Amino acid sequence: MACPYHQGENVREVEDTIHTDFKNEMSYGDYLCLDKILGAQKPLTDEHDEMLFITIHQASEIWLKLAGFELNAAVKHVQNSDFGPAFKIIARVKQIFVQLTQSWQVLSTLTPVDYLKFRDALGHSSGFQSYGYRKLEFLLGNKNTALIKVHESNPTVHQELTEISNSPSLYDEVIKQLAAAGFDIADEMLDRDFNQPYCKHESVLKAWVKVYENSDEYFELYNLAEKLMDIEDSFQQWRFKHMYTVQRIIGNKMGTGGSSGVEFLKKALDISFFPELLDLRTQL
């Protein structure tokens, strides 16, 4: 039966200049390796909702990879006092975490009954083993070498995490910039074992208070501090939404990786990457 509309109505014609033959040229799918990406969803059960679970986590890992890539660059820019590009990158990382937070909204459509149908098939695999997440935490300064042990089965990942743990974090490099700007930062904060968790220090707090009280004079450092707070804010919102989504789906059951589950995730909410930037609010 012929289309009741006149020719051209409700139809977008293919323009003559559009390329359609890719036998000998790189296509969109070739460039993005879509055969590998879209072929990587391999459910272990016949349960309908397992595809959602896999897709959300795989997409999140790609976003985490990008965030890690960007933060690596941000660390180098701050190290070189190249603040402009650092600001742009940090703003991008903030938006990546906004995107990641939204993904929990989609996963929350998975009901407890749906998840229990395939949960046992996951074995001991768990988001706790996410290399991309751990890399981000280390780059931001939340170092904990005990967490690297879970990656011993992958020598390449284990080595990279170890190297990042031993290196100054983004915040360590920012503190060095405070010292370079003339602030009296304690030597122990500039020449410390970067493999250890960051502990807030009075000299750093005093420096930030002065920056905020004289924001026009120290505008770049002031702007940098607020950009760091953007990351702290968006990261914590992602952590909270993760925790709450897990609670909504499994309640207080243990995690598949052996953790206490929701209680373990709640503890992360008490960890700040940039503690002095929060404390200074009380001092102002």
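Visitor: Is Tyr28 buried or exposed, and what makes it so?

Guide: This is a predicted model, in which local features need pLDDT of at least 70 and side-chain atom pairs count only at pLDDT 80 or more, while totals for chains, interfaces and linings use all residues. Residues are numbered from 1 along each chain as its sequence is written, and side-chain values use heavy atoms, with hydrogens and water left out. Buried means under 20% relative accessible area, exposed over 50%, and partly exposed in between, with a 1.4 Å probe and protein chains only. Tyr28 has a relative accessible area of 62%, so Tyr28 is exposed.

Visitor: Why is Asn195 called buried?

Guide: The relative accessible area of Asn195 is 18%, and therefore Asn195 counts as buried. Its side chain makes a polar contact with the side chain of Ser165 at 2.3 Å. For a polar contact, a pair of N or O atoms must be within 3.5 Å; within protein, one must be able to donate a hydrogen and the other to accept it, and residues adjacent in sequence count only if both atoms are side-chain atoms.

Visitor: How do you know that Glu137 and Arg239 meet in a salt bridge?

Guide: A salt bridge needs a side-chain nitrogen of Lys or Arg within 4 Å of a carboxyl oxygen of Asp or Glu. For Glu137 and Arg239 the N to O distance is 2.6 Å, so the pair qualifies. Glu137 is in helix 6 and Arg239 in helix 11, 102 residues apart. Both Glu137 and Arg239 are buried.

Visitor: What makes Lys266 and Glu263 a salt bridge?

Guide: Their closest N and O atoms are 3.6 Å apart, so this pair also meets the cut-off. Both residues lie in helix 12 (residues 262-268), 3 residues apart, about one turn of the helix. Lys266, at 32% relative accessible area, is therefore partly exposed, and Glu263, at 41%, is partly exposed as well.

Visitor: Which residues have the most contacts inside the largest nonpolar core?

Guide: They are Tyr171, Leu178, Val204, Trp208 and Leu277, in a core of 67 residues. The largest share, 12 residues, comes from helix 11. A nonpolar core is a set of buried Ala, Val, Leu, Ile, Met, Phe, Trp, Tyr and Cys residues joined through side-chain atoms within 4.5 Å. In soluble globular proteins, nonpolar side chains tend to be buried together.

Notes:
Helix = DSSP H or I, 4+ residues; strand = E, 2+ residues; numbered from the N terminus.
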